[in-house]
Amino acid sequence: MDPQNPGRLILAATPIGNAEDASPRLRRLLAEADLIAAEDTRRLRALAARLGVEIGGRVLSHHEHNEQATVGELLDAVAAGSTVLVVSDAGMPAVSDPGFRAVAAAVQAGLPVTAAPGPSAVLTALALSGLPTDRFCFEGFAPRKPGERARSFALLAREPRTMIFFEAPHRLAAMLTDLTAALGDDRPAAVARELTKTYEEVRRGTLAELTAWATGHEVRGEIAVVVGGAPDTVEVAEADLVAEVLARVDGGERLKDVVADVAQAAGVSKRELYAAALAARAAR
């Protein structure tokens, strides 16, 4: 890297729906960056056209399927003194979108990294959900296969923080059904779709109510699901504890270690939980 002309890698948030949410800094960076790494180059150019910005630098396709291969080119440009802008189709890069590998590699190489913050579907859905915001976690997209999804949700049965997920419209009903089975009918939740767009909708209720709604309606658009955390006083049924144990074992952990951990956290007998887990595994 030229110390007299240091380059930098910049993650820039783009609108998640409403183009008016684009910041003046984003507009300037789109015009001034030497290289723009875009998840979808056509969407980038369409956004620039809506913003009335002329892209001044070179545009490179940078998405989940080629991210590992293009990171080297981005870092070479930064090391040579270029300003490299990374943008996703919507929202903040590296948050369930390309960008993480580039940042990790730049940090390891000692190259400057910064961000032009802005719209975020995760934070917008959380803020509009009406659920606690003091502690939360982002779970991204749930597994597509029913068995893996059910095991994943079983691990979250006692998660005390508000949880945020992304989901595709055609999988929403199945996802909510599995969430209800794992977390209970009465767990509060919200489904937010088309955030900041013309047909924005945030539907709030229990998981059972939202499951019935999603099952009986054709839901469209980009969707975020927000689920309240487990209450401090929740009493977890043995079946839920066994499901958590088996899910973790399926993930590669030792049965005895998992049983000891789960039993201690739940305040139940380790011996009885171990026996129940063995019986459940044999019955599969």
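Visitor: Quick one: in strand 4, which residue is the bridge partner of I36?
Guide: That's L85. Before we go on, this is a predicted model, where local features need pLDDT of at least 70, side-chain atom pairs count only at pLDDT 80 or more, and totals for chains, interfaces and linings use all residues. Residues are numbered from 1 along each chain as its sequence is written, and side-chain values use heavy atoms, with hydrogens and water left out.

Visitor: OK, so how many bridges hold strand 2 and strand 4 together?
Guide: Four, with strand 2 (residues 35–38) and strand 4 (residues 83–87) paired in the parallel sense. Strands (E, at least two residues) and helices (H or I, at least four) are DSSP runs numbered from the N terminus, and two strands pair if DSSP finds at least two bridges between them.

Visitor: What's the strand order in that sheet?
Guide: 3-2-4-1-5, an open sheet of five strands with parallel pairing. Strand 3 (58–61) and strand 5 (113–116) sit at the edges, each pairing on one side only. From one strand to the next, the twist averages 25°; angles run from 0 to 180 degrees between N-to-C directions, with axes fitted as lines to C-alpha atoms, for helices over the stretch in contact.

Visitor: Which strands does helix 1 lie across?
Guide: Helix 1 (residues 24–32) lies across strand 1 (8–12), strand 2, strand 4 and strand 5, at about 125° to strand 5. Helix 4 lies across strand 1 and strand 5, at about 150° to strand 1.

Visitor: And at what angle do helix 3 and helix 4 pack?
Guide: About 45°, with the axes of helix 3 (residues 67–79) and helix 4 (residues 100–109) 9 Å apart. That makes helix 3 oblique to helix 4 (under 35 degrees is roughly parallel, over 145 roughly antiparallel, 65 to 115 roughly perpendicular, the rest oblique).

Visitor: Which residues make the contact?
Guide: From helix 3, E67, Q68, V71, L74 and L75; from helix 4, F100, R101, A102, A105, A106 and A109. Contact means heavy atoms within 4.5 Å.

Visitor: Switching topic: what's the strand order in the sheet with mixed pairing?
Guide: 6-7-10-8-9, another open sheet of five strands. Its edge strands are strand 6 (136–141) and strand 9 (201–206), and its twist averages 15° from one strand to the next.

Visitor: How many bridges join strand 8 to strand 10?
Guide: Five, and strand 8 (residues 188–193) runs antiparallel to strand 10 (residues 223–227). A190 has V226 as its bridge partner in strand 10. Helix 7 (residues 172–183) packs on this sheet, touching strand 7 (162–167), strand 8 and strand 10, and makes about 10° with the direction of strand 10.
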